[in-house]
Amino acid sequence: MDKPVEKGKFVFTRESLKKKFRWSEFLSEKIITGVAFLSITIIVLIFVFVFKEALPIFNYKKKEAVKVEQVQKQEQYGGEADQGQTNSSGQEQYGVTTNDTMMIENQARAEDTIVHGSEQATFKSLAGKKWLPVSDNPRYGLVPLFVGTLKITLIAMLFAAPIAILAALFSASFAPYWMREIIKPAIELLAGFPSVVIGFFALMVMASFFQNIFGYDGRLNAFVGGVAMALAAIPIIFTITEDALTAVPRTYTEASLALGATRWQTALFVTLPAATPGIFAAILLGIGRVFGETMIALMATGNAALISVNPFESVRTLAATIGAEMAEVVFGDTHYNVLFLIGSLLFVFNFSLNALAEFYVKGKLVKRFQGKQS
Amino acid sequence: MSRKKDITGGFFIGVTAFSAFVIIAVIIILLVVIIKGGKDTFSWEFLTAFPEDGMMKGGIFPAIYGTALLVLIMSIAAVPFGTITAIYLTEYAHEKSVLAQTIRFAVRTLATVPSIIFGLFGLGFFIKFVGGGVDDFFLGGELKWGQPNILWASLTMALLTLPVVIVSVEEAIRTVPRELREASLALGATKWETIKRIVIPGSRSGIMTGTILAVSRGAGEVAPILFTGAAYYLATLPTSMSDQFMNLGYHIYILATQSANVDQTLPIQFATTMVLLLLTFTLNLAAVIIRSRLRRKAK
């Protein structure tokens, strides 16, 4: 901080016009720039560290090549494959136990001898159809987890996308000002609901409600979980869609109205098509949210790794698997590495979705509105 | 205009209005059901007492205390860093520069990373790498920091809430009029002095909104702390950074899915959920109000 310049004495010279070097300025700028790098650093670190813990699986493949023969032998006389099938609704040993699956699980627990740190997981078993991480012959087939995650994402998006997009259209095109002032903050508040609260609501209220309507057996299933996840995805889809709709230049709608189209025709045939890239981005981010949602999946889906297309059967998602099993595994175990591998997959998937939404969609929007909006 | 068109139009508008109505209705139903289920158990004693009888009875004080401590440490970490990043993005970086664009992309990515991934990262980085490293290096292998505790959980949560802070503060900084900055610079203040005396005070409400939103998010998230520090049940409150802690959200999760007698603890579950829901709801409402005021001012 300099003293005020003395009056009258000021003479401009080449020297005095030069920018003074100030330590405080220099330091503050460097520190601020350094801190700003933090976000990038964190992303890189997340990638490195989550992947690092998953890496031993890939190394293990080489070691395993020698052991393959041995493993195959075991599989032949073990017959655990059948055992696995009968237990399929209660595979997780230490994970979430809900009221409904508790009994089956106890049974399963008694039948399976649990061997921690078993070294028989092969790289090949990752593509298998069975997720039996805690058993004599652990298998880490990711297929049922993928199927479960996709199923629940599909169900959630079938509910969330139409409702959120239509509501956004209402808010952006039809609703009077006062109504918009209620809808938008309300949905912001919904976005603030903790997912554990939504999960609890689904587990205690929605599950019984839907069971009464549809009359299926398992209280917790993909449908309940999917609808609950729709609640988590709606605010994201709504907000981004609404932004995209209001970003459509006024000239578009005015031209349409001037040509004699009614309000709803303008909204449906002019505003909505103009905002499609934004809506596409909204759906992508909604999918990302559902894909990685853990607590709702843990609480409301029943958590059995089944492969089926029936929406009223229990599923186990990728994220829920990490959440349920990570606390129980031995550090450095194959199971531990597989969970980190699932984490890496989730991260990469989410990262790609976000990048796609960001670059592809933004580029399109900017081109469409001639750089007016982004 | 034919009559038929008006009917389709009315129907279409009706459908969109109905969708909006459904969302609002679900929000109200959720609030009402949770509050109805929890209000009988809820009392001052419930908030201030320890759990009893293996969490079958009693209050949730340790969970509230743990959550408060978690968000406090989290805010201390996230708010300054978030604010500084926002200052860089608005005051130092050129809008179109590659670096600024990359940072923005990183922030948005960070905001969409699933919370469970933060948990994995906390485990792999904070607990195993940093904590384990500290143990090996300073304590000669004694296990102290290389295990889940409140510090690692809070820092993990801070990473999760960092984008929330950045976005809110950035929005607020943009509402500080350019004329104020120019006046300050014209009077001979340096850039840093201008930021310190003009920009930061001018965006105080934004920093507050960011903090409130971050606290609300941090109080509600469970997935990141599942294996970075939350404990099932503790008889004592955490007194050191290397202690584990109880947490409201985790408490709900445990009681609703892991406890032996779910039905018996149902009132406690509803009451705990009600506490968490009302806490985050109030915080978010406050943030919404402050922000809408800020936006009106910006216009």
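A:Ala230 is buried, with 24 other C-beta atoms within 10 Å. A residue counts as buried if 20 or more other C-beta atoms lie within 10 Å of its own, as exposed if 12 or fewer do, and as partly exposed in between, with C-beta atoms placed from the backbone. A:Ala230 sits in helix H10 (residues 222-246) of chain A. Its C-alpha atom is 28 Å from that of A:Thr266, which is 36 residues away along the chain.

This is a predicted model: local features need pLDDT of at least 70, side-chain atom pairs count only at pLDDT 80 or more, and totals for chains, interfaces and linings use all residues. Residues are numbered from 1 along each chain as its sequence is written, while chains are lettered from A and ligands numbered from 1 in the order in which they are written. Helices (H or I, at least four residues) and strands (E, at least two) are DSSP runs, numbered from the N terminus.

**Chain B overall**

- Chain B has 11 helices and two strands.
- Along the sequence, the pattern of chain B is α-α-β-β-α-α-α-α-α-α-α-α-α.
- The C-alpha trace of chain B spans about 75 × 65 × 35 Å along its principal axes.
- Chain B has 299 residues, and 48% of them count as buried.

**Helix H6 of chain B**

- H6(B) has 26 residues and reaches 36 Å from its first C-alpha to its last.
- That is close to the 38 Å expected at 1.5 Å a residue; the expected span is 1.5 Å times one less than the number of residues.
- H6(B) has a kink of about 40 degrees at B:Thr161, shortly before the proline B:Pro163.
- The bend at a residue is the angle between axes fitted to the seven residues ending there and the seven starting there.
- Of the 26 residues of H6(B), 23 are buried, so this helix is largely enclosed by the rest of the structure.

**Helix packing in chain B**

- Two packed helices are described by the angle between their axes and the distance between the axes.
- Helix H3 (residues 61-92) and helix H6 (residues 150-175) of chain B pack at about 40 degrees, with their axes 6 Å apart.
- Axes are lines fitted to C-alpha atoms, for helices over the stretch in contact, and angles run from 0 to 180 degrees between N-to-C directions.
- H3(B) and H6(B) are therefore oblique to each other.
- Angles under 35 degrees count as roughly parallel, over 145 as roughly antiparallel, 65 to 115 as roughly perpendicular and the rest as oblique.
- The residues of the contact of H3(B) with H6(B) comprise 22 nonpolar, six polar and two charged.
- Ala, Val, Leu, Ile, Met, Phe, Trp, Tyr, Cys and Pro count as nonpolar, Asp, Glu, Lys and Arg as charged, and the others, Gly among them, as polar.
- Helix H5 (residues 115-138) of chain B also meets H6(B): their axes come within 9 Å and cross at roughly 135 degrees.
- That angle makes H5(B) oblique to H6(B).

**B:Pro62**

- B:Pro62 lies in helix H3 of chain B.
- B:Pro62 counts as buried, with 22 C-beta neighbours inside 10 Å.
- B:Pro62 and B:Phe245 are 183 residues apart in sequence, but 7.8 Å apart in space, C-alpha to C-alpha.

**Bent helices of chain A**

- Helix H9 (residues 195-214) of chain A spans only 25 Å between its end C-alpha atoms, whereas a straight helix of 20 residues would span 28 Å.
- H9(A) bends by about 40 degrees at A:Met206.
- Buried residues of H9(A) include A:Phe200, A:Phe201 and A:Met206.
- A:Gly215 follows H9(A) and has a positive phi, near 65 degrees.
- Helix H7 (residues 143-174) of chain A has 32 residues, which should span 46 Å at 1.5 Å a residue; its end C-alpha atoms are 45 Å apart, which agrees.
- H7(A) bends by about 30 degrees at A:Met157.
- H7(A) is mostly covered, with 24 of its 32 residues buried.

**Two further sites in chain A**

- Most residues other than glycine have a negative phi.
- A:Asn303 is not a glycine, yet it has a positive phi of about 60 degrees.
- A:Asn303 lies in the loop between helix H14 (295-300) and helix H15 (318-325) of chain A.
- A:Asn303 is buried, with 30 other C-beta atoms within 10 Å.
- A:Leu356 lies in helix H16 (residues 334-368) of chain A.
- A:Leu356 counts as partly exposed, with 15 C-beta neighbours inside 10 Å.
- The C-alpha atoms of A:Leu356 and A:Leu284 are separated by 8.3 Å, and the two residues are 72 apart along the chain.
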